Structures are given as structure tokens and as C-alpha cells.
Amino acid sequence: TTAAFYCYWQSQKSRHWFYWFGAWVGIAVMLKSIVGLLPVIIAALDLTISRRWAAVGFRTTLKAAGIALVIVAPWHLYETVRHGMVFWRSYIGFHVVDRTFESLYANDVSWWWYADILFRKTFPYKFLLPLALLASVVRFVRARDALDRLLLIATAVLFAVFSAAQ
């Protein structure tokens, strides 16, 4: 996902980086299942907020998605042929839907659990993180800094998604 974010950022300079973004998203999906698609959601939000969809282009987006699909499809097709719908019930049903909406392992934690862990376990950075986020907000508001916009979108999406999951 980090490589995908880097390639997405570089795609502002050259569309060819967007193809690498697609490749890294495909690899991220293979490594982390549906969580590997988070860079796509974050990039789509960034492109929408910044109104840069035209700069990337439909063809480039389609080619990047195709590259990701070429990476992702073989294993998924193999598992579908090998196990049929049992694979998809486990892959999407258990590992995505159930893990998102049900407490599978009797963990009784609140929705702010990630924030709590972040601030309890990251000394001395727990003091710097709020300052860094505040600095990003200020830079974004004052100068419309693109990197700060991406950082804030990524932080918000990642925190929201992982906090929402049971």
C-alpha cells in the first residue's frame, strides 16, 4: 500500500506512474485481501476533491485497473475453480463481511480503540502526531498543499475504516 501511495503521488508528474499504482494495488490485494483496495478509495477521493480526474484520464485509469486485475485474477480464478463458492463465502463472507460487522473473537473494544492504542503505545510520537496533523490541516487550508490533502484523506479513511470494523 505504501508503494501504491508513492506511485499515485508520482502520477501527478507522469501518467505512467498511475500504471505502477495499479500494479501495486494488485500486489496489495494479493497480500492483504480487500484492504489492499484502500489506496484506490483514497486516490479516488483525492482525485475527486482536487478535481484531477481529467489529468489522469479514463484510459489511464482503465489500464491501471487492468494491470491490477492481471495480478489479482489468476489466483482468484484458480481458487474459484478449485473450491467454487466455498472460496468466495470464506474470502468475502468471513474475511470481509463477518470481520467488518461482527465481533468474531470476543474482543470487547470501543470504536476509538485504534486511537487509544496509538496514543498509549507510540511514545514519544503520540505527542507529535496531533501536532503533525494540525500542521497538515493548517498548510492545506492556507496553501491548498496537495501532499497535505492526500495525507489528511488517507489518515481519515484509514482511521475510519479500521475503527468501524468490529
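## An all-in-one look at the helices, bridges and one greasy patch

Arginine 51 sits in the loop between α3 and α4 (53–56). Its phi is positive, at about 55°, although arginine 51 is not a glycine. Keep in mind that this is a predicted model. Most residues other than glycine have a negative phi. Arginine 51 is also exposed, with a relative accessible area of 75%.

There's another residue of this kind. Serine 33, which is not a glycine either, has a positive phi near 60°. Serine 33 belongs to the loop between α2 (16–32) and α3. Is serine 33 buried or exposed? With a relative accessible area of 18%, serine 33 is buried.

Now for the overall layout. Of its 166 residues, 28% count as buried. If you take the contacts with a separation of 6 or more, 59% of them join residues 24 or more positions apart. The chain exposes about 11100 Å², and carbon and sulfur atoms supply 70% of that area.

On to the charged pairs. How many salt bridges does a search of the whole structure find? The search turns up 2, and here they are:

| Salt bridge | N to O distance | Accessibility of the arginine | Accessibility of the aspartate |
|---|---|---|---|
| Arginine 149 – aspartate 46 | 2.5 Å | 10% (arginine 149) | 0% (aspartate 46) |
| Arginine 139 – aspartate 148 | 2.6 Å | 43% (arginine 139) | 3% (aspartate 148) |

Take the bridge between arginine 149 and aspartate 46, with its closest N and O atoms 2.5 Å apart. Arginine 149 is part of helix α9 (residues 146–164) and aspartate 46 is part of helix α3 (residues 38–50), so this pair ties together parts that lie 103 residues apart in sequence. Arginine 149 counts as buried at 10%, and aspartate 46 is buried at 0%.

In the other bridge, the side chains of arginine 139 and aspartate 148 meet. Here arginine 139 counts as partly exposed at 43%, whereas aspartate 148 counts as buried at 3%.

Last stop, the surface. Which residues make the nonpolar surface patch of about 620 Å²? The patch is built from Phe123, Tyr125, Phe127, Leu128 and Leu131. One of these, leucine 128, lies in helix α8, which spans residues 125–143.

Note on methods
Residues are numbered from 1 along each chain as its sequence is written. This is a predicted model: local features need pLDDT of at least 70, side-chain atom pairs count only at pLDDT 80 or more; totals for chains, interfaces and linings use all residues. Side-chain values use heavy atoms; hydrogens and water are left out. Patches are made of residues with over 30% relative accessible area and no salt bridge: like charges are joined within 9 Å, nonpolar side chains (Val, Leu, Ile, Met, Phe, Trp, Tyr) within 5 Å. Accessible areas come from the Shrake-Rupley method with a 1.4 Å probe; for residues, only the protein chains shown count as cover. A salt bridge is a side-chain nitrogen of Lys or Arg within 4 Å of a carboxyl oxygen of Asp or Glu. Helices (H or I, at least four residues) and strands (E, at least two) are DSSP runs, numbered from the N terminus. Buried means under 20% relative accessible area, exposed over 50%, partly exposed in between (1.4 Å probe, protein chains only). Contact means heavy atoms within 4.5 Å.
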